[in-house]
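Good morning. I will go through one structure today, strand by strand and then helix by helix. Please have the sequence and the view open.

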Amino acid sequence: MSTLLQVQQLSCTAENGLVLFGNVEFVVNEGDVVVVTGKSGSGKSTLLKSLAHFNLYSGHVLYRGRAPTSYGIPEYRTKVAYVPQRPSLLPGTPRSFLRTVSSFKARQKHKGPIVDAPINVAQSWGIDPQLWDREWSNLSGGEVQRISLATGLALNDAEVLLLDEPTSALDRESCLLVERFILDNLKSPETDLKAIVWITHSVEQAERVGTRFLQVSGGSCSEDQSLPV
Ligand SMILES: Nc1ncnc2c1ncn2[C@@H]1O[C@H](COP(=O)(O)OP(=O)(O)OP(=O)(O)O)[C@@H](O)[C@H]1O
């Protein structure tokens, strides 16, 4: 079982000087679904953004034993991909976003331009293909979530997906459908996906998807053998 991410002495301070978490240490191994829980505002998104190298932090995040900068940050972010909680802040339409992402040089090194894969994945989750031409700001929260997630999954570049409350706006039926798809992708030898770090506020979801459990609380992040109650 190979280690994909090593997090060493990771610390992050908010703009007001509050230490969100300090000296966080954990590893993410192949096959893991690491569920991250904790109260609102405890620093879960900040932790994931640090893993994706979007935040200033101190300490080290190593991917396959090397620092993100050694890959080049765009390349690193195709391999350790963050799917944000609120992508609706993006300008334009999902289709224009897809075109932009598909043209990134870091992607093209690995595979050709994406064609219909994300649109097909999202359609299997009930997203009409016409919605890809609507402005992000005019889509519902659940539509935005499914489109963003379908893009992250169907690009099929990432070995580690960092999912920030990926189903929080979905009804139960859609949520279960999406969860099943993600877990099937993780197990499939035909995808590059090898591990997931997954923030959720749902205890039921954490139980369904998690293989390991991290809790962010009071400035630290600890691993529990089972789901914290
Ligand atoms: N860009 C920023 N500038 C200043 N403060 C920020 C910024 N981003 C986050 N914070 C603050 O850092 C703290 C942690 O935020 P974060 O989004 O990581 O929490 P969270 O645990 O993911 O919360 P939630 O469960 O509500 O999504 C919060 O108090 C938040 O207001």
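**The covered strand**

Strand β7, residues 195–199, is mostly covered, with five of its five residues buried. Helices and strands here are DSSP runs, helices being H or I with at least four residues and strands E with at least two, numbered from the N terminus. Buried means that 20 or more other C-beta atoms lie within 10 Å of the residue's own, with C-beta atoms placed from the backbone.

Two notes on the source. This is a predicted model, in which local features need pLDDT of at least 70, side-chain atom pairs count only at pLDDT 80 or more, and totals for chains, interfaces and linings use all residues. Residues are numbered from 1 along each chain as its sequence is written.

Which residues of β7 lie on each side? Ala-195, Val-197 and Ile-199 are on one side, Ile-196 and Trp-198 are on the other, and all are buried.

Now the neighbours. Strand β3, residues 33–37, runs parallel to β7 and is joined to it by four bridges; two strands pair if DSSP finds at least two bridges between them. Val-34 stands opposite Val-197 in β7. Strand β6, residues 160–164, is also parallel to β7, with five bridges, and here Leu-162 stands opposite Val-197. From β6 the chain crosses through helix α8, residues 172–187, to β7, in a right-handed β-α-β crossover. Right-handed means that, with the strands pointing away from the viewer, the path from the first strand over the helix to the second runs clockwise.

Next, a hairpin. Strands β8 (residues 212–217) and β9 (residues 220–224) run antiparallel and are joined by five bridges. Gln-215 stands opposite Ser-222 in β9. Two residues sit between the strands, and Gly-218 takes a positive phi near 55 degrees.

Now helix α6, residues 117–124. Its buried residues are Pro-118, Ile-119, Val-121 and Ala-122. Seen down the axis of α6, they fall within an arc of 160 degrees, so they line one face of the helix; the arc is that of the directions from the helix axis to the C-beta atoms. After α6 comes Gly-126, with a positive phi near 90 degrees.

Last, the ligand. Which helix gives the largest share of the shell around the ligand? Helix α1, residues 44–51, with three residues. The residues around the ligand include Gly-43, Lys-44, Ser-45 and Thr-46, where near means that the C-beta atom, placed from the backbone, lies within 6 Å.

Definitions and conventions:
A residue is buried if 20 or more other C-beta atoms lie within 10 Å of its own, exposed if 12 or fewer, and partly exposed in between; C-beta atoms are placed from the backbone.
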